[in-house]
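Hi,

Here is the structure I promised to send over.

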Amino acid sequence: MSEYIEHDENGVSVGLVEKKHFTFAEPPDSIVLESNARLGPITIAYETLGTLNEDKSNVILILHALSGDSHVAGYYSREDQKPGWWEIMVGPGKGIDTDKYFVICPNIIASCMGSTGPSSINPDTGKPYGFDFPVVTIGDMVKVQKALLDHLGIEKILTVVGGSIGGMQVLEWAVRYPDMVVSAIPLATTTRHSALAIAFNEVARQAIMADPNWNMGNYYDSAKPDLGLALARMVGHVTYLSDEAMRRKFGRRLQNKSDFSFNFDADFQVESYLRYQGQKFVDRFDANSFLYITKAADYFDLRRQHGDGSEAEAFSRTKSKFLVISFTSDWLYPTYQSRAMVKSMKKNNLDVSFCEIEAEWGHDAFLLPNERLAALIKGFLDHNFTEVQKK
Amino acid sequence: MTQLADTTSLELKRFDLQIIASWIKPGSKVLDLGCGEGDLLLYLKQNKRVNGTGIENRESKAALCIAKGLSVLQGDINEEVLDYQEDTFDYIILSQTLQQVYYPEKLLKSLLAIGKKVIVSFPNFSHWSIRMQVLMTGLAPKNEQLPYEWYNTPNIRVITLKDFRKFTRGQGCTVLKEVAINTHHHDTKGHIINFLPDWRATYGIFLIGKGDKK
């Protein structure tokens, strides 16, 4: 996902929030990962918004995408200029209404935003894990999130919602913990990466690993593989937009010049944009985390993991109600992939709604202001909340 | 003589939908094909505790339904009906859509597979005014129910009540109920026609079952 971080146009915000941490699996304990490797201790960064109601029936779990974090909405301090990444959707009276719901947003493991990942200290060596960090899967991320919810005393989740890699976690939650998840909203996502999606991730990873500074993942005491990571981000950004989005946003317009420079400076606006996005990313993201998280996304395959090769069988494990949403111009996770998962849900008699929202901004559309998206999510949540209250 | 369907809090505007709603047993599982903005589904949910799903091709309308808390799939009805298991639904509703379906035979077969009963309503092309228009003007008919020109009408199937009865016999299914209605005031009001329905009805509504063949 791109970094948009838009301020709410009406200035409505949940206000001040605080990043919290939960650590578990401390020695001698550890958890066994899907790869059979062991990991511990594990810290997970998370933020909560709103108030948990008495019967704990108003929990919304929001799961972030590749480069996101636990900071879903609000501000860390009064001087803080930047709200959370889904400020436009989450807050008082918004699509996900924090006056009504208790929102939990955990940071995924393998990330570099406060949870245990390759840049964390390996207790065995006293140095950052680097490439000694075990490869984790979407299933591992979700298992760790479950530990956090157990710690918070949450037994039922009204809705799990997330886009892109966050959407994969949504699907994993619904299938892995069917008794906990009342309803789920997978946004702009897929049950498994296409060869195209894996290909782009591989190009991005190779960009990092080809940077001499990467040094087999061992760079925390020296110069970082900034060039590689910036290039990886540039590749990513191309896949998050669309032909139409780029035509509208940049066209063939030149950057601060009236003619070609006849050298290899950034002549076109699109070149300048990608270079800027790449540069900006290296300041806040760890190259190894990028490798691990994209690998987890590539490995994700709901039918392989939960259905013996059958997607319908995988979804037979869940009882959740679903709202599946795709976007017309998303070519990273095109609508046909969402339709395929809807088909498997229908075969299992699951209560599912589906909408392909018309949006020109490509895969990133789920992060941008969209009244239709907000209305859909709000209607779905409110209806499910009313149903749960009745029981 | 005006016969009203259930009198309840939320009212259905269209007269044919009022009749259809009166046929649905409370608590049943319903699939509404071409559900539009979900008026019928919402009515059935609130008044008959129906477990309903809608299919609607237009993004804006499907989104409106979901925002109302209805379970609706955006998609083409011919495609979407293929994924369900046998007898998933107690009723499948195809209201004022049949005349726009490219392969009605195939669709009806699919519907009778996934549903126990199918309710079909369609505009009656053998209404006297339509017959007169063709006869007197020699032009393809146009009226309130069928307001299009021949070249831009979505109503590609010209069906009469008689045609449909014949069609169901050919398909080996049973007509369990049949009502012919005459509507006025933008289809919001109407009455049931018992005398010369083939001539006088603007719409036909049929409840169809699977037939004797098991």
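**Strands in chain B**

In chain B, strand 6 and strand 7 (residues 189-193) pair in the antiparallel sense, over 5 bridges. Two strands count as paired if DSSP finds at least two bridges between them. One pair to look up is His184(B), whose bridge partner in strand 7 is Lys189(B). Strand 6 (residues 174-184) also runs antiparallel to strand 8 (residues 203-209) of chain B, and 7 bridges join them. There, Val179(B) has Ile205(B) in strand 8 as its bridge partner.

Before you go further: this is a predicted model, where local features need pLDDT of at least 70 and side-chain atom pairs count only at pLDDT 80 or more, while totals for chains, interfaces and linings use all residues. Residues are numbered from 1 along each chain as its sequence is written, and chains are lettered from A and ligands numbered from 1 in the order in which they are written.

**Chain B as a whole**

Chain B has 8 helices and 8 strands; these are DSSP runs (helices: H or I, at least four residues; strands: E, at least two), numbered from the N terminus. Buried residues make up 42% of its 214 residues, where buried means 20 or more other C-beta atoms within 10 Å of the residue's own, with C-beta atoms placed from the backbone.

Helix 2 (residues 39-48) of chain B has these buried residues: Leu40(B), Leu41(B), Leu42(B), Tyr43(B) and Leu44(B). What covers them includes helix 1 (15-23), strand 1 (29-33), strand 2 (51-56) and strand 4 (89-95) of chain B. After helix 2 comes Arg49(B), with a positive phi near 50°.

**Where chain B meets chain A**

16 residues of chain B are in contact with 22 residues of chain A (contact: C-beta atoms, placed from the backbone, within 7 Å). Which element of chain B gives the most to this side? Helix 3 does, with 5 residues.

Helix 3 (residues 59-67) of chain B packs against helix 11 (residues 371-390) of chain A at an angle of about 35°, and their axes are 7 Å apart. The axes are lines fitted to C-alpha atoms over the stretch in contact, and angles run from 0 to 180 degrees between N-to-C directions. From helix 3 of chain B, Ala63(B), Ile66(B) and Ala67(B) take part; their partners in helix 11 of chain A include Leu376(A) and Phe380(A).

Cheers

Terms used:
Buried ≥ 20, exposed ≤ 12 C-beta atoms within 10 Å, placed from the backbone. Contact = placed C-beta atoms within 7 Å.
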